[in-house]
Amino acid sequence: MQLDFTPDQEELRSSVRSVLEKECTRAFVREHVDHVVLGEPSEAPAKLWQTFVSLDWPALTIAEEHGGIGLGYPELAVVAEELGRVLALGPLLTTIAGFVPLLREADGGEPWLAKVAAGELSGTAAFGASHVLCGGEVDVIAVVGDGEITIVSPAVMRTIESLDPTRTLVDLDVAAGKADASRLPISADGVRRAREEMTVAIAFELVGTCQTIFDTNLQYAKERQQFGVAIGSFQAVKHKLANMFVAIQRARALCMFAAATINEDDGRRSTATSAAKAAAGDCQKLVASDGIQLLGGIGYTWEHDQHLFVKRAKVSDALF
């Protein structure tokens, strides 16, 4: 079992990171958040989605026979972590890690996969009618039912006022949406497998968000002066940074093991999925708390970006 990313996968990471640093800047995210807070429409998620489509990222794990690139789950994990580092807007993660796995496991999902691969469709997965991630940014939602998934329009929904202003959470009116919806049979095992893929992807994204919180604190500790020296030279600060680093590495290691079990369909995948998500949640509890304290409180202020990462981490911890 491969428990580390290969050179090709690390090259993919570098490519994804360079694109995101250019196309999903802090200013880009802040502008979107300002629109959300003021109750104004924002075109930022749709704009970023079109950038991803132009790069064929929605086709990442779709089989070549359906027009996709045909890469595996470790490549998806690489992308998920990088999306978390920049608080990426839009439905790319829910499309490739939630919608696509459900359609792959369902009978007759091939035409829908081809549409995603062609960049014609974005989606998300609803394993229940409430708290559907990115339900307000997608074209369709795959709702899991008893022995089937139903592809519904996101029009029949209620937006939830979430702690995280960078992406939407919605509650669905499933009965209203089923009138002229497409239904595809799926097994209980298929639903479980798809849910595990989405759960580990969220855990990887959460690790990426925690990594940025840590990087921000590390840089601040090197630059902030007290008593004529950098605060990073203080033992208490060193201990907090070390504990944050260890928590992130532990969570990433468990996420990587979970990704490997999914990629190789190992019998331990369900246990590994739970362990990865739990570790990512424990990681954010420590990193988010100390990530605010080490900044001396400025992370709470609207002008500083830290609170946006903390809010994303808190909501991601609660999901799945």
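This is a predicted model: local features need pLDDT of at least 70, side-chain atom pairs count only at pLDDT 80 or more; totals for chains, interfaces and linings use all residues.
Local features were taken at pLDDT of at least 70 and side-chain atom pairs at pLDDT 80 or more, whereas totals for chains, interfaces and linings use all residues. Residues are numbered from 1 along each chain as its sequence is written, and side-chain values rest on heavy atoms, with hydrogens and water left out.

Ring pairs of Phe, Tyr and Trp (its six-membered ring) have centres within 6.5 Å; planes under 30 degrees apart count as stacked, over 60 as edge-to-face and the rest as tilted. The structure holds 4 such pairs. In one of them, Phe-5 and Phe-204 are tilted, at 6.4 Å centre to centre and 55° between the planes. This pair links distant parts of the chain, 199 residues apart: Phe-5 lies in the segment before helix H1 (7-23), and Phe-204 in helix H8. Both Phe-5 and Phe-204 are buried, where buried means under 20% relative accessible area, exposed over 50% and partly exposed in between (1.4 Å probe, protein chains only). Another pair, Phe-52 with Trp-57, counts as stacked because the ring centres are 5.0 Å apart and the planes meet at 20°. The charged end of Arg-13 sits over the ring of Phe-5, 5.1 Å from its centre (CZ of Arg or NZ of Lys within 6 Å of the ring centre and within 35 degrees of the ring normal).

What of the cysteines? A search of the whole structure finds 0 disulfides, taken as cysteine sulfur pairs within 2.5 Å. For Cys-134, the nearest cysteine sulfur is that of Cys-24, 12 Å away; for Cys-210, that of Cys-283 is 3.9 Å away. Cys-210 counts as buried because its relative accessible area is 0%.

Finally, 3 strands form an open antiparallel sheet in the order S2-S6-S5, with pairing defined by at least two DSSP bridges between strands. Strands S2 (132-133) and S5 (157-160) are the edges.

How values were computed: Helices (H or I, at least four residues) and strands (E, at least two) are DSSP runs, numbered from the N terminus.
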